[in-house]
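Dear colleague,

I am handing over the structure we spoke about, and below it you will find a short account of what was found. Please read the account with the structure open beside you.

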Amino acid sequence: TILFDVNRDALTAGLNQIQKSLEQSMNKGKLSQQDCDRALTRIRLVENISALHANLIIEAVVENLKVKQTLFAQLEKVNDGKAILATNTSSIPVTQIAASLQNPSQCIGLHFFNPAHLMKLVEVISGSQTNPELILLMKDFAKALGKTPVEVKDSPGFIVNRVARHFYVESLKVLEDKVTSFNAIDNLMRSAGFRMGPFELMDLIGMDVNYAVTTSVYEGFDKAHKFKPSDIQYKKIVEGNLGKKTGKGFY
């Protein structure tokens, strides 16, 4: 596996996070020390995009259409149009991302959920020109990882993020209306059976990432009011309080 980023510090942090996850699995008896060591030796860090020769490339860059299109156009050229280009986008239609490619049939959505090493669900999304054979291939790939693939048609937010937007948007609206505090909302949602409350989850995901997905879905549905992003969340982003990754968010 090749792990690529333009920022060396991000690569190092990513590898450290992978090692930490592997060690947690080892401590729980799910992996042996040998398994962990072997997995780490299979990861190669690269900073030069020209080194990204692969059969399958999974993109997980910022939730920005132009950035994703530019990256995929570069990756297509590096691989002579032969690589499967899978986007981990949370909300941007695959058809739009593939529009920058010479061969859009090689582009597909492969949306993992956070944290990816624990969450079972993977949305497999076909764009308007995706080769149908890639759907079956990526579903088999997801199953080989021990995941549960769900085939999804191209649409803003797909299934999970379209439905889940209101877990965040409505919770923020309740806070905005001063009905109760954000930690009271989290406590209530946990007591109702959710593993995490919406504000805890926003902190974990990253305020900027969560807001970008809401904005993408909002614009994808012609600015339908029910998807309107929250000013409270936007203010957090402006202040640099993005959640866990900056050490401060709602918590």
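**The sheet and what packs on it**

In this predicted model, five strands form an open sheet with mixed pairing, and their order is β3-β4-β5-β6-β7. The edges are formed by β3 (56–59) and β7 (148–153), each of which pairs on one side only, and the twist from one strand to the next averages 30°. Strand β6, covering residues 121–126, pairs with β7 in the parallel sense over six bridges, and within this pairing Ile125 stands opposite Val152 of β7. Helix α5 (residues 132–144) packs on the sheet, where it touches β3, β4 (84–87), β5 (107–112), β6 and β7, and its direction makes about 25° with that of β5.

**The nonpolar core**

The largest nonpolar core has 18 residues, of which Phe72, Leu75, Leu85, Leu101 and Cys107 touch the most other members. Two or more residues of this core come from each of α3 (65–78) and α4 (94–98). Once neighbours within four places in sequence are left aside, Leu85 is in contact with Ile57, Phe72, Leu75, Glu76, Leu101, Gln106, Cys107 and Ile108.

**The chain as a whole**

The chain has ten helices and seven strands, and buried residues make up 39% of its 251 residues. A compact globule with 251 residues would have a radius of gyration near 18 Å, so the 19 Å of this chain agrees with that expectation. Of the contacts with a separation of 6 or more, 63% join residues 24 or more positions apart.

With best regards

Note on methods
Residues are numbered from 1 along each chain as its sequence is written. This is a predicted model: local features need pLDDT of at least 70, side-chain atom pairs count only at pLDDT 80 or more; totals for chains, interfaces and linings use all residues. Side-chain values use heavy atoms; hydrogens and water are left out. Two strands pair if DSSP finds at least two bridges between them. Helices (H or I, at least four residues) and strands (E, at least two) are DSSP runs, numbered from the N terminus. Axes are lines fitted to C-alpha atoms, for helices over the stretch in contact, and angles run from 0 to 180 degrees between N-to-C directions. Contact means heavy atoms within 4.5 Å. A nonpolar core is a set of buried Ala, Val, Leu, Ile, Met, Phe, Trp, Tyr and Cys residues joined through side-chain atoms within 4.5 Å. Buried means under 20% relative accessible area, exposed over 50%, partly exposed in between (1.4 Å probe, protein chains only). The radius of gyration is taken over C-alpha atoms; the globule rule is 2.2 Å times the number of residues to the power 0.38.
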